[in-house]
Amino acid sequence: MKKFYQNSSYQKPHSIGISLAAAIFITACASIPPPTEQLAVSKVAVSNASSAGGNEFAPLQLKSALDKMDGAERAMAAKDYLLARQLAEQAQADAQLAAATARSTQAQKAAKALQEGNRVLHQEIDRNIQYQ
């Protein structure tokens, strides 16, 4: 019966490989730059959504964007730049949705108001025609 022994020369390349992989991983994580530009773009998107009427017409989407911006800023402070970027991008998307929803709702209300105005004008025209 043959005995198989682990060769110490086998363990050295294996442990070197693991060390190399860990070093590459750490270097990759450390090389992620702070997403300051993404945070700025996301803040502008949140501000635009708020001024577009997001508080009134899209409160859930705007709150989600604000919460994610807060999380992104906390992640930046903790130097977790990957998470900060992800949250900032999500905040931007939520803010854009809030702005679009707010504008759409406002447009629908304006269209209904115009339709009501047209209906009243038609009634007035019909009434004037009857009295002539």
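**Entry 1: a term I need.** I count a residue as buried when its relative accessible area is under 20%, exposed when it is over 50%, and partly exposed in between. I also note that this is a predicted model.

**Entry 2: Ile32.** Ile32 has 26% relative accessibility, so it counts as partly exposed. I found Ile32 in the loop between helix 1 (8-30) and helix 2. Setting aside neighbours within four places in sequence, I see Ile32 in contact with Tyr81 and Leu82. I also checked Ile32 against Arg85, which is 53 residues apart from it along the chain. Their C-alpha atoms are separated by 10.0 Å.

**Entry 3: the whole chain.** I stepped back to the overall layout. I count five helices and zero strands. Read along the sequence, the pattern is α-α-α-α-α. Of the 132 residues, 23% count as buried.

**Entry 4: helix 2 and helix 4.** How do I describe two packed helices? I use the angle between their axes and the distance between the axes. Helix 2 covers residues 36-51 and helix 4 covers residues 59-77. Their axes come within 10 Å and cross at roughly 155°. Angles over 145 degrees count as roughly antiparallel. Helix 2 and helix 4 are therefore roughly antiparallel to each other. Their crossing is left-handed. On the helix 2 side, the contact includes Leu39, Ser42, Val46 and Ala49. On the helix 4 side, it includes Leu62, Ala65, Leu66 and Met69. By class, I list nine nonpolar, three polar and two charged residues in this contact.

**Entry 5: helix 4 and helix 5.** I moved on to the next pair. The axes of helix 4 and helix 5 come within 8 Å and cross at roughly 160°. That makes helix 4 roughly antiparallel to helix 5. The crossing of this pair is left-handed. Among the residues that meet are Gln61, Ala65, Lys68 and Gly71 in helix 4, and Tyr81, Leu87, Gln90 and Asp94 in helix 5. The contact of helix 4 with helix 5 divides into 15 nonpolar, five polar and two charged residues.

**Entry 6: Gln90.** I picked one residue from that contact. Gln90 lies in helix 5. Is Gln90 buried, partly exposed or exposed? At 38% relative accessibility, Gln90 counts as partly exposed. I then compared Gln90 with Ala65, which is 25 residues apart from it in sequence. In space the two are 7.3 Å apart, C-alpha to C-alpha.

**Entry 7: helix 2 and helix 5.** I looked up the remaining pair on my list. Helix 2 and helix 5 pack at an angle of about 25°, with their axes 8 Å apart. Angles under 35 degrees count as roughly parallel. Helix 2 and helix 5 are therefore roughly parallel to each other. Helix 2 passes helix 5 in a left-handed crossing. Helix 2 brings residues including Gln38, Val41, Ser42 and Ala45 to this contact, and helix 5 brings residues including Ala84, Arg85, Ala88 and Glu89. I note eleven nonpolar, three polar and two charged residues in the contact of helix 2 with helix 5.

**Entry 8: Ser42.** I went back to one residue of helix 2. Why does Ser42 count as buried? Its relative accessibility is 0%, so Ser42 is buried. Leaving aside neighbours within four places in sequence, Ser42 is in contact with Met69, Ala88, Glu89 and Gln92.

**Entry 9: the core.** I looked up the largest nonpolar core, which has 20 residues. Which members touch the most others? They are Leu39, Val46, Ala49 and Ala95. Helix 2, helix 4 and helix 5 (81-131) each supply at least two residues of this core. Helix 5 gives the most, with eight residues.

**Entry 10: Lys79.** My last stop was the loop between helix 4 and helix 5, where I found Lys79. Most residues other than glycine have a negative phi. Lys79 is not a glycine, yet it has a positive phi of about 60°. At 61% relative accessibility, Lys79 counts as exposed.

Conventions. Residues are numbered from 1 along each chain as its sequence is written. This is a predicted model: local features need pLDDT of at least 70, side-chain atom pairs count only at pLDDT 80 or more; totals for chains, interfaces and linings use all residues. Side-chain values use heavy atoms; hydrogens and water are left out. Axes are lines fitted to C-alpha atoms, for helices over the stretch in contact, and angles run from 0 to 180 degrees between N-to-C directions. Helices (H or I, at least four residues) and strands (E, at least two) are DSSP runs, numbered from the N terminus. Angles under 35 degrees count as roughly parallel, over 145 as roughly antiparallel, 65 to 115 as roughly perpendicular and the rest as oblique. A crossing is left-handed if the near helix is turned anticlockwise from the far one by less than a right angle, and right-handed if clockwise. Contact means heavy atoms within 4.5 Å. Ala, Val, Leu, Ile, Met, Phe, Trp, Tyr, Cys and Pro count as nonpolar, Asp, Glu, Lys and Arg as charged, and the others, Gly among them, as polar. Buried means under 20% relative accessible area, exposed over 50%, partly exposed in between (1.4 Å probe, protein chains only). A nonpolar core is a set of buried Ala, Val, Leu, Ile, Met, Phe, Trp, Tyr and Cys residues joined through side-chain atoms within 4.5 Å.
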